[in-house]
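Here are a few exercises to work through with the model open beside you. Try each task before you read its solution.

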Amino acid sequence: IYLLCAVIGLSSLLTVCGNLLVITSVIYFRQLHTPTHYLILSLAVADLLVGVIVLPFSAALIVNPCMYLQTFICRVRNVCDIFMCTTSILNLCFISLDRYHAVCQPLKYRMIINVRVTVGMIVLSWCLPVLIAICITMSDMNKKKSQTRCLLFQTPSLTLLIIGTVLLLYLPAVIILTTYIKILIVAQRQARAIENAACLSGKPGEMISKKQNKATRTLAIIIGVFLTCWTPFSFCVTFNPLTNYTIPVPVIESFKCFGWSNSMLNPFVYAFFYSWFRSAFRMIISGQIFQ
(Lines give C-alpha, C1' and ligand atoms only; values in the text may rest on other atoms or scores of the structure.)
Protein backbone atom coordinates (compact mmCIF):
# COMPACT_ATOMS: atom_id res chain seq x y z
CA ILE A 1 0.00 0.00 0.00
CA TYR A 2 2.73 2.45 0.97
CA LEU A 3 4.69 1.66 -2.18
CA LEU A 4 1.60 2.44 -4.26
CA CYS A 5 1.15 5.71 -2.38
CA ALA A 6 4.80 6.60 -2.96
CA VAL A 7 4.35 6.01 -6.71
CA ILE A 8 1.17 8.11 -6.74
CA GLY A 9 2.91 10.86 -4.74
CA LEU A 10 5.87 10.97 -7.14
CA SER A 11 3.51 11.01 -10.12
CA SER A 12 1.58 13.87 -8.52
CA LEU A 13 4.78 15.88 -8.00
CA LEU A 14 5.98 15.35 -11.58
CA THR A 15 2.52 16.13 -12.95
CA VAL A 16 2.32 19.41 -11.04
CA CYS A 17 5.86 20.55 -11.88
CA GLY A 18 5.65 19.68 -15.58
CA ASN A 19 2.29 21.30 -16.15
CA LEU A 20 3.22 24.39 -14.12
CA LEU A 21 6.13 24.93 -16.51
CA VAL A 22 3.77 24.71 -19.49
CA ILE A 23 1.21 27.07 -17.90
CA THR A 24 3.88 29.64 -16.94
CA SER A 25 5.44 29.51 -20.41
CA VAL A 26 2.17 30.11 -22.27
CA ILE A 27 1.01 32.88 -19.92
CA TYR A 28 4.35 34.72 -19.65
CA PHE A 29 5.72 34.63 -23.21
CA ARG A 30 3.74 36.62 -25.76
CA GLN A 31 5.14 34.53 -28.60
CA LEU A 32 3.06 31.63 -27.29
CA HIS A 33 -0.23 33.58 -27.27
CA THR A 34 -1.73 31.64 -30.20
CA PRO A 35 -4.84 29.42 -30.54
CA THR A 36 -2.70 26.27 -30.54
CA HIS A 37 -0.95 27.20 -27.31
CA TYR A 38 -4.25 28.20 -25.69
CA LEU A 39 -5.39 24.61 -26.24
CA ILE A 40 -2.13 23.35 -24.76
CA LEU A 41 -2.69 25.72 -21.82
CA SER A 42 -6.17 24.26 -21.26
CA LEU A 43 -4.69 20.76 -21.38
CA ALA A 44 -2.00 21.72 -18.87
CA VAL A 45 -4.57 23.19 -16.45
CA ALA A 46 -6.65 19.99 -16.57
CA ASP A 47 -3.57 17.82 -16.04
CA LEU A 48 -2.37 20.10 -13.23
CA LEU A 49 -5.70 19.63 -11.41
CA VAL A 50 -5.33 15.87 -11.77
CA GLY A 51 -1.98 16.12 -9.99
CA VAL A 52 -3.20 18.57 -7.34
CA ILE A 53 -6.60 17.07 -6.44
CA VAL A 54 -7.18 13.57 -7.81
CA LEU A 55 -3.84 11.92 -7.05
CA PRO A 56 -3.36 13.26 -3.48
CA PHE A 57 -6.96 12.44 -2.48
CA SER A 58 -6.58 8.96 -3.93
CA ALA A 59 -3.36 8.35 -1.98
CA ALA A 60 -4.96 9.63 1.25
CA LEU A 61 -7.99 7.37 0.85
CA ILE A 62 -5.76 4.36 0.16
CA VAL A 63 -3.70 4.95 3.31
CA ASN A 64 -6.67 5.77 5.56
CA PRO A 65 -9.91 4.36 4.11
CA CYS A 66 -11.76 5.09 7.37
CA MET A 67 -10.84 8.77 7.52
CA TYR A 68 -13.32 11.41 8.67
CA LEU A 69 -15.95 12.28 6.00
CA GLN A 70 -14.69 9.37 3.92
CA THR A 71 -17.93 9.07 1.90
CA PHE A 72 -18.03 12.78 1.04
CA ILE A 73 -14.32 12.92 0.14
CA CYS A 74 -14.69 9.78 -1.96
CA ARG A 75 -17.54 11.29 -3.97
CA VAL A 76 -15.67 14.55 -4.48
CA ARG A 77 -12.59 12.64 -5.62
CA ASN A 78 -14.64 10.54 -8.05
CA VAL A 79 -16.33 13.62 -9.53
CA CYS A 80 -12.98 15.39 -9.94
CA ASP A 81 -11.45 12.24 -11.43
CA ILE A 82 -14.12 11.88 -14.12
CA PHE A 83 -14.24 15.60 -14.81
CA MET A 84 -10.52 16.34 -15.06
CA CYS A 85 -9.40 13.18 -16.85
CA THR A 86 -12.07 13.49 -19.53
CA THR A 87 -11.31 17.21 -19.90
CA SER A 88 -7.68 16.29 -20.51
CA ILE A 89 -8.68 13.69 -23.12
CA LEU A 90 -10.98 16.12 -24.94
CA ASN A 91 -8.24 18.75 -24.98
CA LEU A 92 -5.92 16.20 -26.58
CA CYS A 93 -8.64 15.58 -29.17
CA PHE A 94 -9.00 19.27 -30.02
CA ILE A 95 -5.22 19.71 -30.22
CA SER A 96 -5.10 16.94 -32.81
CA LEU A 97 -7.83 18.71 -34.83
CA ASP A 98 -5.88 21.96 -34.61
CA ARG A 99 -2.71 20.26 -35.87
CA TYR A 100 -4.70 18.58 -38.65
CA HIS A 101 -5.90 21.93 -40.05
CA ALA A 102 -2.44 23.49 -39.61
CA VAL A 103 -0.71 20.78 -41.66
CA CYS A 104 -3.41 19.65 -44.10
CA GLN A 105 -5.09 23.03 -44.74
CA PRO A 106 -2.38 25.62 -44.04
CA LEU A 107 -3.87 28.34 -46.27
CA LYS A 108 -7.27 28.15 -44.54
CA TYR A 109 -5.90 27.48 -41.05
CA ARG A 110 -6.18 31.03 -39.68
CA MET A 111 -9.73 31.28 -41.04
CA ILE A 112 -10.86 27.96 -39.56
CA ILE A 113 -8.97 27.94 -36.24
CA ASN A 114 -9.36 31.44 -34.82
CA VAL A 115 -9.70 32.68 -31.25
CA ARG A 116 -13.49 32.23 -31.23
CA VAL A 117 -13.27 28.63 -32.42
CA THR A 118 -10.50 27.91 -29.92
CA VAL A 119 -12.57 29.32 -27.05
CA GLY A 120 -15.49 27.15 -28.17
CA MET A 121 -13.25 24.07 -28.13
CA ILE A 122 -12.00 24.88 -24.64
CA VAL A 123 -15.51 25.54 -23.29
CA LEU A 124 -16.80 22.27 -24.76
CA SER A 125 -13.86 20.30 -23.39
CA TRP A 126 -14.65 21.59 -19.88
CA CYS A 127 -18.47 21.63 -19.92
CA LEU A 128 -19.21 18.22 -21.42
CA PRO A 129 -17.19 16.31 -18.76
CA VAL A 130 -19.04 18.25 -16.03
CA LEU A 131 -22.39 16.97 -17.30
CA ILE A 132 -21.12 13.40 -17.59
CA ALA A 133 -19.52 13.53 -14.12
CA ILE A 134 -22.73 14.86 -12.53
CA CYS A 135 -24.88 12.18 -14.22
CA ILE A 136 -22.56 9.37 -13.15
CA THR A 137 -22.35 10.73 -9.59
CA MET A 138 -26.14 11.09 -9.27
CA SER A 139 -26.56 7.53 -10.52
CA ASP A 140 -23.95 6.34 -8.04
CA MET A 141 -25.68 8.09 -5.11
CA ASN A 142 -28.91 6.22 -5.83
CA LYS A 143 -27.21 2.83 -5.45
CA LYS A 144 -26.83 1.10 -2.10
CA LYS A 145 -23.29 1.16 -0.78
CA SER A 146 -21.82 -2.20 0.14
CA GLN A 147 -18.07 -1.58 -0.04
CA THR A 148 -16.13 -0.50 3.03
CA ARG A 149 -13.53 1.56 1.20
CA CYS A 150 -13.44 4.19 -1.51
CA LEU A 151 -12.88 2.56 -4.89
CA LEU A 152 -10.79 4.34 -7.49
CA PHE A 153 -13.37 3.25 -10.05
CA GLN A 154 -17.11 3.27 -9.37
CA THR A 155 -19.20 1.18 -11.78
CA PRO A 156 -22.11 3.30 -13.05
CA SER A 157 -25.28 2.06 -14.71
CA LEU A 158 -24.86 0.27 -18.03
CA THR A 159 -26.44 3.12 -20.03
CA LEU A 160 -24.18 5.78 -18.52
CA LEU A 161 -21.22 3.44 -18.86
CA ILE A 162 -21.79 3.04 -22.60
CA ILE A 163 -22.43 6.75 -23.19
CA GLY A 164 -19.47 7.87 -21.09
CA THR A 165 -17.07 5.33 -22.60
CA VAL A 166 -18.04 6.13 -26.18
CA LEU A 167 -18.12 9.93 -25.81
CA LEU A 168 -15.14 10.37 -23.53
CA LEU A 169 -12.77 7.53 -24.45
CA TYR A 170 -13.39 5.79 -27.78
CA LEU A 171 -14.55 8.76 -29.86
CA PRO A 172 -11.59 10.98 -28.83
CA ALA A 173 -9.22 8.05 -29.38
CA VAL A 174 -10.54 7.49 -32.91
CA ILE A 175 -10.32 11.22 -33.69
CA ILE A 176 -6.76 11.48 -32.37
CA LEU A 177 -5.62 8.36 -34.21
CA THR A 178 -7.19 9.25 -37.57
CA THR A 179 -6.12 12.90 -37.54
CA TYR A 180 -2.50 12.15 -36.69
CA ILE A 181 -2.32 9.40 -39.30
CA LYS A 182 -3.68 11.87 -41.86
CA ILE A 183 -1.15 14.48 -40.68
CA LEU A 184 1.66 11.95 -41.04
CA ILE A 185 0.61 11.03 -44.58
CA VAL A 186 0.35 14.66 -45.68
CA ALA A 187 3.65 15.62 -43.99
CA GLN A 188 5.49 12.75 -45.66
CA ARG A 189 4.01 13.70 -49.03
CA GLN A 190 5.13 17.32 -48.57
CA ALA A 191 8.60 16.21 -47.44
CA ARG A 192 9.02 13.99 -50.52
CA ALA A 193 7.99 16.85 -52.79
CA ILE A 194 10.49 19.21 -51.15
CA GLU A 195 13.20 16.55 -51.27
CA ASN A 196 12.58 15.95 -54.97
CA ALA A 197 12.81 19.69 -55.59
CA ALA A 198 16.07 19.78 -53.61
CA CYS A 199 17.48 16.92 -55.67
CA LEU A 200 16.57 18.67 -58.92
CA SER A 201 18.30 21.83 -57.74
CA GLY A 202 21.38 19.86 -56.70
CA LYS A 203 20.95 20.49 -52.94
CA PRO A 204 21.20 17.59 -50.49
CA GLY A 205 17.98 16.43 -48.84
CA GLU A 206 19.53 15.02 -45.69
CA MET A 207 18.19 17.83 -43.50
CA ILE A 208 14.69 17.33 -44.90
CA SER A 209 14.88 13.59 -44.23
CA LYS A 210 15.96 14.26 -40.65
CA LYS A 211 13.02 16.63 -40.13
CA GLN A 212 10.65 14.08 -41.65
CA ASN A 213 11.97 11.34 -39.36
CA LYS A 214 11.66 13.63 -36.35
CA ALA A 215 8.07 14.51 -37.22
CA THR A 216 7.25 10.83 -37.73
CA ARG A 217 8.82 9.93 -34.39
CA THR A 218 7.01 12.73 -32.57
CA LEU A 219 3.60 11.76 -33.95
CA ALA A 220 4.23 8.10 -33.17
CA ILE A 221 5.10 8.99 -29.56
CA ILE A 222 1.99 11.19 -29.22
CA ILE A 223 -0.31 8.42 -30.44
CA GLY A 224 1.57 5.71 -28.55
CA VAL A 225 1.55 7.49 -25.18
CA PHE A 226 -2.17 8.24 -25.29
CA LEU A 227 -3.19 4.75 -26.42
CA THR A 228 -0.81 3.02 -24.02
CA CYS A 229 -2.14 4.96 -21.03
CA TRP A 230 -5.87 4.71 -21.65
CA THR A 231 -6.46 1.57 -23.77
CA PRO A 232 -6.17 -0.99 -20.89
CA PHE A 233 -8.67 0.91 -18.73
CA SER A 234 -11.03 1.44 -21.69
CA PHE A 235 -11.06 -2.26 -22.53
CA CYS A 236 -11.66 -3.24 -18.90
CA VAL A 237 -14.57 -0.81 -18.59
CA THR A 238 -16.06 -2.04 -21.86
CA PHE A 239 -15.73 -5.79 -21.38
CA ASN A 240 -16.46 -5.92 -17.65
CA PRO A 241 -20.29 -5.75 -18.11
CA LEU A 242 -20.09 -8.26 -20.96
CA THR A 243 -18.30 -10.77 -18.69
CA ASN A 244 -20.81 -10.25 -15.85
CA TYR A 245 -18.33 -8.05 -13.93
CA THR A 246 -15.75 -10.79 -13.50
CA ILE A 247 -12.72 -8.50 -13.87
CA PRO A 248 -11.32 -7.87 -10.36
CA VAL A 249 -11.71 -4.32 -9.10
CA PRO A 250 -7.97 -4.01 -8.18
CA VAL A 251 -7.11 -4.74 -11.83
CA ILE A 252 -9.38 -1.95 -13.05
CA GLU A 253 -7.99 0.38 -10.39
CA SER A 254 -4.43 -0.40 -11.50
CA PHE A 255 -5.27 0.43 -15.10
CA LYS A 256 -6.98 3.60 -13.88
CA CYS A 257 -3.75 4.66 -12.16
CA PHE A 258 -1.94 3.91 -15.40
CA GLY A 259 -4.36 6.23 -17.22
CA TRP A 260 -3.53 9.02 -14.77
CA SER A 261 0.09 8.84 -15.91
CA ASN A 262 -1.05 10.40 -19.19
CA SER A 263 -1.45 13.71 -17.33
CA MET A 264 2.15 13.40 -16.16
CA LEU A 265 3.50 12.56 -19.62
CA ASN A 266 1.56 15.20 -21.60
CA PRO A 267 3.97 18.07 -20.73
CA PHE A 268 6.91 15.96 -21.92
CA VAL A 269 5.16 14.90 -25.13
CA TYR A 270 3.54 18.20 -26.11
CA ALA A 271 6.16 20.59 -24.79
CA PHE A 272 9.61 19.06 -24.58
CA PHE A 273 9.54 18.07 -28.26
CA TYR A 274 9.28 21.70 -29.36
CA SER A 275 12.26 24.03 -29.24
CA TRP A 276 10.30 27.15 -28.22
CA PHE A 277 8.98 25.36 -25.11
CA ARG A 278 12.43 24.07 -24.24
CA SER A 279 13.80 27.60 -24.47
CA ALA A 280 10.97 28.91 -22.27
CA PHE A 281 11.58 26.15 -19.71
CA ARG A 282 15.29 26.97 -19.53
CA MET A 283 14.52 30.65 -18.92
CA ILE A 284 12.01 29.79 -16.18
CA ILE A 285 14.18 27.21 -14.40
CA SER A 286 17.30 29.38 -14.55
CA GLY A 287 15.38 32.42 -13.27
CA GLN A 288 16.05 34.59 -16.32
CA ILE A 289 12.39 35.65 -16.48
CA PHE A 290 12.91 37.58 -13.22
CA GLN A 291 15.71 39.67 -14.70
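**Exercise 1. Find which residues Phe226 is in contact with, leaving aside its neighbours within four places in sequence.**

Solution. Step one: set the neighbours within four places aside, and what remains for Phe226 is Ile89, Leu92, Ala173, Ile176 and Asn262. Contact here means heavy atoms within 4.5 Å. Step two: keep the ground rules in mind. This is a predicted model, where local features need pLDDT of at least 70, side-chain atom pairs count only at pLDDT 80 or more, and totals for chains, interfaces and linings use all residues. Residues are numbered from 1 along each chain as its sequence is written, and side-chain values use heavy atoms, with hydrogens and water left out.

**Exercise 2. Count the helices and strands, then say what percentage of the residues is buried.**

Solution. The chain has 9 helices and 0 strands; these are DSSP runs numbered from the N terminus, helices being H or I with at least four residues and strands E with at least two. Of the 291 residues, 44% are buried. For contacts between residues at least 6 apart in sequence, 78% join residues at least 24 apart.

**Exercise 3. Describe how helix 1 packs on helix 2.**

Solution. Take the angle first: helix 1 (residues 2-28) and helix 2 (residues 35-63) pack at about 160°, their axes 8 Å apart. Axes are lines fitted to C-alpha atoms, for helices over the stretch in contact, and angles run from 0 to 180 degrees between N-to-C directions. That makes the pair roughly antiparallel (under 35 degrees counts as roughly parallel, over 145 as roughly antiparallel, 65 to 115 as roughly perpendicular, the rest as oblique). Then sort the contact residues: 21 are nonpolar, 6 polar and 1 charged. For these classes, Ala, Val, Leu, Ile, Met, Phe, Trp, Tyr, Cys and Pro are nonpolar, Asp, Glu, Lys and Arg are charged, and the others, Gly among them, are polar.

**Exercise 4. Name the residues through which helix 8 meets helix 1.**

Solution. The two helices pack at about 35°, with axes 8 Å apart. On the helix 1 side look for Ser11, Leu14, Thr15, Gly18, Asn19 and Val22, and on the helix 8 side for Ser263, Met264 and Pro267. By class, that contact has 4 nonpolar, 5 polar and no charged residues.

**Exercise 5. Decide whether Asp98 is buried or exposed, and list its contacts beyond four places in sequence.**

Solution. Asp98 sits in helix 3 (residues 70-104). Its relative accessible area is 0%, so Asp98 is buried. Beyond its neighbours within four places, Asp98 touches Thr36, Leu39, Tyr109 and Ile113.

Terms used: Buried means under 20% relative accessible area, exposed over 50%, partly exposed in between (1.4 Å probe, protein chains only).
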